[in-house]
Amino acid sequence: MPASVDRIRILDPSVADRIAAGEVVERPASVVKELVENSLDAGAGRIVVEVAGAGLDLIRVADDGCGIHPEDVPLAVRRFATSKIATTEDLQEVRSFGFRGEALPSIAAVSLLELVSAVPGEPAGRRLRVRGGEVELDEPVGAPPGTVVTVRHLFFNTPARRKFLKSPAREFALIVDAVDRLALAAPQVAFSLIHAGAEVLRYPPADPPDRLAAVVGRDAAGRMLPVDDRSGGIRVWGWAGRPELARTTRSLQHLCVNRRPVHSRALTAAVEEAYHQLLPASRHPAFVLFVEVPPGRVDVNVHPRKLDVRFDDERAVCAAAFRAVRAAVQRASLIPAVTAAGWGTPGPAGVSEPLDLAVPQVPAGPEAPVEVPAAGRLPALRLLGQVHRTYLLAEGPDGLVLIDQHAAHERVLYERLIERRRAGVADGQELVPPAVVRLRPPEAALLASCREALADLGCVVEDFGEDAVLVRSVPAIAARLSPDRLLAGLLADLAADRPREVEDLLERLTIATACRSAVRAGDVLTPAEMASLLADLARTRDPFTCFHGRPTLVAVPRTTLESWFLRR
Ligand code: ADP
Ligand code: MG
């Protein structure tokens with residue numbers, strides 16, 4: 001249902017002066033964005049975007065929205081002429097995409113723009129043609145209700161601007177992205193994008209999940225977890241991608257504030273923080289998230305292209321986004337490629353005994369598979385053996401499961417250390433006699449800075465002369481390592497760790513201790529050791545990733561096996 005036609009007024013200078021100034025039309029995609037936003041503001045049910053020459057030759061946006069009253073058509077291309085706000089107070093409660101009356105005049109100044117619009121109940125519509133800001137043609141036309149804006153020869157009179165554009169393919173990709181972002185924000189509206197005569201996008205009206213699938217693809221949508229959380233007047237909903245959807249760029253991140261697509265560094269950081277330990281530092285999670293706050297609590301008038309917003313309480317909004325996404329990823333079982341529904345609820349985080357690491361020298365021979373019963377968040381597994389002395393191979397209820405023995409053991413030991421620490425037990429194994437370990441000066445300095453944290457983990461170290469320390473006890477899980485190898489390893493990890501990757505010193509040390517103590521790739525495990533590793537893993541809070549964000553398990557669903565063998 002098109003909204004009724006609001007009339008256009010020139011903003012009072014006192015209001016216009018408060019508009020965030022700057023360049024509106026940076027590239028073809030910004031024209032598409034502004035025109036589609038206008039169509040959405042007009043209550044369109046269907047929007048057709050047509051481009052040629054990556055937008056430099058032609059951009060046409062046609063809608064079936066409320067149209068512009070014929071008397072107002074010439075006003076629409078004047079600066080600060082808008083039907084959407086009138087007063088400074090309105091600026092504080094903007095609900096429309098547009099509000100500053102700058103887009104059409106800015107586009108008309110750098111192109112040949114034609115505006116055709118008609119409203120129901122008027123005998124005729126009106127056509128206006130503007131070249132480089134000068135009106136060339138103004139005539140009545142017969143046209144269906146709605147608006148068609150055609151922009152040709154963009155930047156014809158500003159060659160410098162053209163020079164800053166990227167390749168046509170890249171500019172077109174940015175146009176697709178602009179349409180996708182708005183299509184996600186307005187699922188009830190039909191969109192189509194035509195490029196050089198061919199329809200490249202077609203989105204029928206849909207509910208939000210179907211629009212998500214249309215925009216990001218069914219496969220990616222199936223790997224996204226629903227998010228919905230509200231607190232303190234802030235609602236955060238949408239979808240957070242499973243870790244395996246993460247990319248090296250942020251291209252699969254869509255953020256809307258009150259349905260307006262924005263780029264907010266702070267909000268993005270908050271959402272990415274919710275993936276802490278689920279992703280390597282170099283990967284960015286995929287998400288489509290909608291943040292809704294009362295309009296009065298967000299300022300949309302801070303960026304010339306309306307790409308950023310400012311909140312009255314940014315920390316509260318970021319905290320809400322973090323909580324919502326964190327809850328969603330924690331609720332889900334995160335084995336890559338497996339639909340984990342029905343795999344049981346998170347079990348109690350058990351404190352397991354470490355594996356007995358008397359590593360046999362000979363690989364286990366063919367033996368009967370070991371049944372590992374379902375526990376915690378893992379299904380029953382039939383352990384088949386060890387592959388490349390690195391992965392455990394098991395049969396699950398729905399296909400094959402491969403377990404990275406090092407990553408899995410790291411996870412087990414890490415949670416054990418955390419549990420002990422929470423219980424206030426420094427889980428140390430006393431060395432009798434204490435071991436003397438020599439250190440180089442940089443190592444000694446690093447060690448001095450983390451001695452307390454080490455003691456929390458059960459590793460008690462005292463000064464012993466100029467270039468040595470006395471190790472009185474080591475973390476129990478590391479008892480099999482020689483004290484000097486352990487210390488050297490921990491200090492090397494601390495020195496090498498990119499600070500961003502993990503939170504604080506204690507966490508870094510906990511991770512380093514778990515990593516150094518875990519079985520390695522190449523260690524041969526007996527069937528009993530493998531079974532006990534899986535049982536321990538099942539009892540962890542998060543059995544599906546190690547804390548570096550790598551998966552501990554990967555599943556090959558039975559359907560995938562069947563498709564490999566052409567059985568389906
Ligand atoms: P703004 O969107 O900030 O108001 P614009 O320059 O984008 O400024 O548009 C100016 C005015 O022209 C709008 O306020 C609106 O009244 C009218 N207008 C522009 N495009 C459309 C459209 N597709 N349908 C109906 N009215 C439109
Ligand atoms: Mg506008």
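The model is predicted, so local features need pLDDT of at least 70 and side-chain atom pairs count only at pLDDT 80 or more, while totals for chains, interfaces and linings use all residues. Residues are numbered from 1 along each chain as its sequence is written, chains are lettered from A and ligands numbered from 1 in the order in which they are written, and side-chain values use heavy atoms, with hydrogens and water left out.

The chain has 568 residues, of which 51% count as buried. Buried means under 20% relative accessible area, exposed over 50%, and partly exposed in between, with a 1.4 Å probe and protein chains only. Along the principal axes, the C-alpha atoms fill a box of roughly 100 × 65 × 45 Å. There are 18 helices and 25 strands. Both are DSSP runs numbered from the N terminus: helices are H or I with at least four residues, strands E with at least two. Contact means heavy atoms within 4.5 Å. Among contacts between residues at least 6 apart in sequence, 71% join residues at least 24 apart.

Two packed helices are described by the angle between their axes and the distance between the axes. Axes are lines fitted to C-alpha atoms, for helices over the stretch in contact, and angles run from 0 to 180 degrees between N-to-C directions. Angles under 35 degrees count as roughly parallel, over 145 as roughly antiparallel, 65 to 115 as roughly perpendicular, and the rest as oblique. A crossing is left-handed if the near helix is turned anticlockwise from the far one by less than a right angle, and right-handed if clockwise. For residue classes, Ala, Val, Leu, Ile, Met, Phe, Trp, Tyr, Cys and Pro count as nonpolar, Asp, Glu, Lys and Arg as charged, and the others, Gly among them, as polar.

Helix α7 (residues 168-185) packs on α8 at about 170 degrees, with the axes 9 Å apart. The two helices are therefore roughly antiparallel. The crossing of α7 with α8 is left-handed. D180, A183 and L184 of α7 meet R211, L212 and V215 of α8. This contact has four nonpolar, no polar and two charged residues. Within α8 (residues 208-216), R211, L212, A213, V215 and V216 are buried. G217 follows α8 and has a positive phi, near 100 degrees.

Helix α10 (residues 265-273) and helix α11 (residues 314-331) have axes that come within 8 Å and cross at roughly 30 degrees. They are therefore roughly parallel to each other. Here the crossing is right-handed. From α10, the contact takes A266, L267, A270, V271 and E273; from α11, it takes E314, V317, C318, A321, F322 and V325. Nine of these residues are nonpolar, none is polar and two are charged.

Two strands pair if DSSP finds at least two bridges between them. Seven bridges join β22 to the antiparallel strand β24 (residues 468-475). A435 stands opposite V471 in β24.

R485 lies in α15. At 57% relative accessibility, R485 counts as exposed. Its C-alpha atom is 23 Å from that of R420, which is 65 residues away along the chain. α15 also packs on helix α16 (residues 505-517), at about 130 degrees and with the axes 9 Å apart. That angle makes α15 oblique to α16. The crossing of α15 with α16 is right-handed. G489, L490, A492, D493 and L494 of α15 meet L505, R508, L509, A512, T513 and R516 of α16. The contact comprises six nonpolar, two polar and three charged residues.

A further strand pair involves β25. Strand β21 (residues 399-404) pairs with β25 in the antiparallel sense over five bridges. L402 has V554 in β25 as its bridge partner. Strand β25 (residues 553-557) is mostly covered, with four of its five residues buried.
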